[in-house]
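Q: I would like to learn how to read strands, helix contacts and a ligand shell from a model. Could we take them in turn?

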Amino acid sequence: MVYQVYPRSYQDSNGDGVGDLRGLISRLDYIKSLGVNVIWLNPIFGSPNDDNGYDISDYRAIMKDFGTMQDFDELLKGMHQRGLKVVLDLVVNHSSDEHEWFKQSRSSRTNPYRDYYHWWPAEKGTPNKRQSFFDVKGDAWAYDPTTKAYYLHYFSRKQPDLNWENPKLREEIYSMMRFWFDKGIDGFRMDVIPFISKDTTFPPLPAQYHGDFGRYYANGPHLHEYLQEMNREALSKYDVMSVAEGAGVTQADALQFVDPARKELNMLYHFEGMGVGLVPGNKYRMRTPGRYSLLDFKRVYTKWDSIFARTGWGTVYLGNHDQPRMTTRWGDDRPEFRAPSSKLLTTFLLTMRGTPYYYGGDELGMTNIRFTNIKDYQDIETRNMYAQLKGEGGDLTKFLAAQQLTARDNGRTPFQWDATANAGFTTGKPWLTINPNYAQINAAAEEKDPNSILNYFRKATALRRQHKVLVYGQYQLLDAANPNIYAYTRTQGNDKVLVVLNFTSEKRDWALPAGLTLGGAPWLNNYPTFAAGATLALLPWQALVLPLR
Ligand code: ISL
């Protein structure tokens, strides 16, 4: 079970309003108490923070805002002493434009670092269009007057793409990975790793990828050669885990990354689940009106489970630092439904096959902050999408309304520790506004309440540790056509359990399918009561994990 910590928002120790490593060290006992065993930290490396650390200017140093290498060593030791594994973020599709490599590269066409990046000389004409995720104009090519050439940046202008065709660059990356492994870290989460290989003739975007350029970016010609090389040169030399951020990866491609026989990576997390309920192909991440379809949701997770049924290993997540809060997005964050729905989502995450990636703060049932003003947003994605839309004369009111549900900053507001000033996160001015609901929703209050969302999460992690059937058992979807209930069984040898999730804010009856016989009291129930019978009378957002005979 992986628990994701967004260090910027976890705990500030020095009053500058930004979370840091010493803050995190002070919270290790809390993390240990959750019952998880792997901690993934978002980037903690030297960075000017154009994209909160996803723009790295020094891969072997700690971000000044976060502390020092000594702090990191202490953190790693503290985690290991508690039996927690540490996974860092590997961001190597691009660096910062403030990285020494890029400073050299842009200085002249003959500089030894020139080929560390992708340059298109202006005398060859304007390069073929590539879409950028974060550029104000949407253009992934930026003109640099010093050498009269364009450089490629799939993300912001301050995130130039590294040239993986260059063996020297690749060796730099592997050597940097070994540096961190030698320090004792336990693995990497690999940022947009499917994008690293490019056809450097940069042909026009093939028609099949129009409107879906992420798919094109994920299908570079040498991608799997590079991943196999990375495995040989770095990963295979250590006892570590690797997980790809599977941007642009489809069900058809997935096993190419994680089939153990191919010796590439261990896991991948897909984006299809996150796409449920979004307007397809909409670059502003607009959401479809009303609720998402549970039928689509079930279809996606069932299909992805089947991909890894014979080989490879799956993952499951409902939120992270690029997504809104799971309770707002997939549950119902109105006061009366917030607790049951977030407990239900926790139940889902911890009873599916594959490794759960659980986003810090979700164990409290934190919710979207729903900013009303563009000035409240700190995220480059939202700010630049707004500027781009404004330039196009688009509907900004509609955009801001959609961002209240989808913007990344919703998932980045500081962790709510207690009801004191600034939620106990900082004594200074927080870098991003703290959700005012911290007075009610906070860890200290939930510690005291045996029925809190936090304590439910602990029960769920303990249950998963105790019953291997929840980890490895075969998954079988039941009642596939039911638009309100998600039910499935997990089976391993003689162990069989039934998971029933009422994904609605109403009471629902659900008839136990023929052939299933309950085998005792629920292992997990997000309400105090449960009446066994041929029909289960489910309360709003009720979640049940029931042993079967
Ligand atoms: O490609 C996408 C969808 O198919 C995008 O959503 C993209 O994958 C996503 O924005 C990538 O996210 C990661 O890399 C970004 C960084 O801003 C995010 O925080 C990180 O998770 C650039 O490094």
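Q: Where is there a hairpin, and how many residues lie between its strands?

A: β7 and β8 form a hairpin with 4 residues between them, and Lys148 in the turn has a positive phi of about 50°. Strands here are DSSP runs of E with at least two residues, helices are runs of H or I with at least four residues, and both are numbered from the N terminus. This is a predicted model, in which local features need pLDDT of at least 70 and side-chain atom pairs count only at pLDDT 80 or more, while totals for chains, interfaces and linings use all residues. Residues are numbered from 1 along each chain as its sequence is written.

Q: How do β7 and β8 pair, and over how many bridges?

A: Strands of a sheet pair through backbone hydrogen bonds, either parallel or antiparallel. Two strands are taken as paired if DSSP finds at least two bridges between them. β7 and β8 pair in the antiparallel sense over 4 bridges, and Ala142 has Tyr151 in β8 as its bridge partner.

Q: Which sheet holds these strands, and what is its order?

A: They belong to an open sheet of 3 strands in the order β6-β8-β7, with antiparallel pairing. Its edge strands, each pairing on one side only, are β6 (119-121) and β7 (141-144). Neighbouring strands of this sheet are turned by 30° against each other on average, direction ignored, where axes are lines fitted to C-alpha atoms, for helices over the stretch in contact, and angles run from 0 to 180 degrees between N-to-C directions. β6 runs antiparallel to β8 (residues 149-152) and is joined to that strand by 3 bridges; Trp119 stands opposite Tyr151 in β8.

Q: What is the strand order in the open sheet of 5 strands?

A: The order is β14-β15-β16-β20-β18, again with antiparallel pairing, and the edge strands are β14 (474-478) and β18 (524-525), each of which pairs on one side only. Between β14 and β15 (residues 485-492), which run antiparallel, there are 5 bridges, and the partner of Gln476 in β15 is Thr489.

Q: At what angle do the axes of α12 and α16 cross?

A: Angles under 35 degrees count as roughly parallel, over 145 as roughly antiparallel, 65 to 115 as roughly perpendicular and the rest as oblique. The axes of α12 (residues 335-351) and α16 (residues 453-466) come within 10 Å and cross at roughly 15°, which means that α12 is roughly parallel to α16. The contact, counted where C-beta atoms placed from the backbone lie within 7 Å, includes Ala339 and Leu350 of α12 and Ile453 and Phe457 of α16. Its residues divide into 6 nonpolar, 4 polar and 2 charged, with Ala, Val, Leu, Ile, Met, Phe, Trp, Tyr, Cys and Pro counted as nonpolar, Asp, Glu, Lys and Arg as charged, and the others, Gly among them, as polar.

Q: Why are α13 and α14 described as roughly antiparallel?

A: The axes of α13 (residues 380-391) and α14 (residues 396-406) come within 10 Å and cross at roughly 160°, and the two helices are therefore roughly antiparallel to each other. Their contact is made by Thr382, Tyr386, Leu389 and Lys390 of α13 and Leu396, Phe399 and Gln403 of α14, and these residues divide into 4 nonpolar, 2 polar and 1 charged.

Q: Which residues come nearest to the ligand?

A: A residue is near a molecule if its C-beta atom, placed from the backbone, lies within 6 Å of that molecule. Of the 14 residues around the ligand, Asp51, Tyr54, Phe155, Gly214 and Ala247 come nearest, and the shell divides into 7 nonpolar, 3 polar and 4 charged residues.

Methods: Contact = placed C-beta atoms within 7 Å.
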